Amino acid sequence: MGGVQRRKGNPAKNKMFHKKRKTKRYVKDIDQIYDDIQPANVGKFMNPVKDESLPGFGQNYCIACSRHFISKEAQVRHNSTKHHRRRLKVLQEKPWTQKDSDECGK
């Protein structure tokens with residue numbers, strides 16, 4: 001009686017919706033963030049310019065997670081989350097490059 005109904009109709013109807021949803025909350029990939037945390041590039045994020053379009057005027061930024069925060073307290077709270085700690089652990093290893101992939105394929 002009264003079970004779950006299956007979705008009817010063509011699944012391709014919502015193709016554009018799914019495509020937009022994939023890129024809505026897109027953050028940088030691990031290899032891009034790895035480049036950002038290198039000593040030569042960290043200076044860009046240490047003294048940011050105030051930008052009204054970003055949360056907290058762009059002053060509170062987590063380089064490892066590529067996120068802006070409204071306040072310093074929100075950023076401190078974020079630094080203790082599981083998501084942030086996992087991201088730091090992943091960033092300790094050097095990401096794969098195309099050159100590494102080519103060498104393994106030989």
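Tutor: Leaving aside neighbours within four places in sequence, cysteine 62 is in contact with Arg67, Phe69, Gln75, His78 and His84. This is a predicted model, where local features need pLDDT of at least 70, side-chain atom pairs count only at pLDDT 80 or more, and totals for chains, interfaces and linings use all residues. Residues are numbered from 1 along each chain as its sequence is written, and side-chain values use heavy atoms, with hydrogens and water left out.

Student: Which residues make up the largest nonpolar core?

Tutor: A nonpolar core is a set of buried Ala, Val, Leu, Ile, Met, Phe, Trp, Tyr and Cys residues joined through side-chain atoms within 4.5 Å. Buried means under 20% relative accessible area, exposed over 50%, and partly exposed in between (1.4 Å probe, protein chains only). Here the largest core has 8 residues: Ile33, Tyr34, Cys62, Ala64, Cys65, Phe69, Ala74 and Leu91.

Student: And histidine 84, is that one buried or exposed?

Tutor: Histidine 84 counts as buried because its relative accessibility is 7%. You'll find histidine 84 in helix H5; helices (H or I, at least four residues) and strands (E, at least two) are DSSP runs, numbered from the N terminus. Its side chain makes a polar contact with the side chain of histidine 78, at 3.2 Å. A polar contact is a pair of N or O atoms within 3.5 Å; within protein, one must be able to donate a hydrogen and the other to accept it, and residues adjacent in sequence count only if both atoms are side-chain atoms.

Student: Which residues of helix H4 are buried?

Tutor: First, the general idea: an α-helix has 3.6 residues a turn, so residues three or four places apart point the same way. In H4 (residues 72–79), the buried ones are Ala74, Gln75 and His78. They sit on the same side of H4 because they cover an arc of only 100° around the axis (the arc is that of the directions from the helix axis to the C-beta atoms). On the other side, Lys72, Glu73, Val76 and Arg77 are exposed.

Student: What do the buried residues of H4 pack against?

Tutor: They pack against strand S1 (60–62), strand S2 (67–69) and H5.

Student: Where is glutamate 93?

Tutor: Look in the loop between helix H5 (82–91) and helix H6 (98–105). Glutamate 93 is exposed, with a relative accessible area of 58%.

Definitions and conventions:
Contact means heavy atoms within 4.5 Å.
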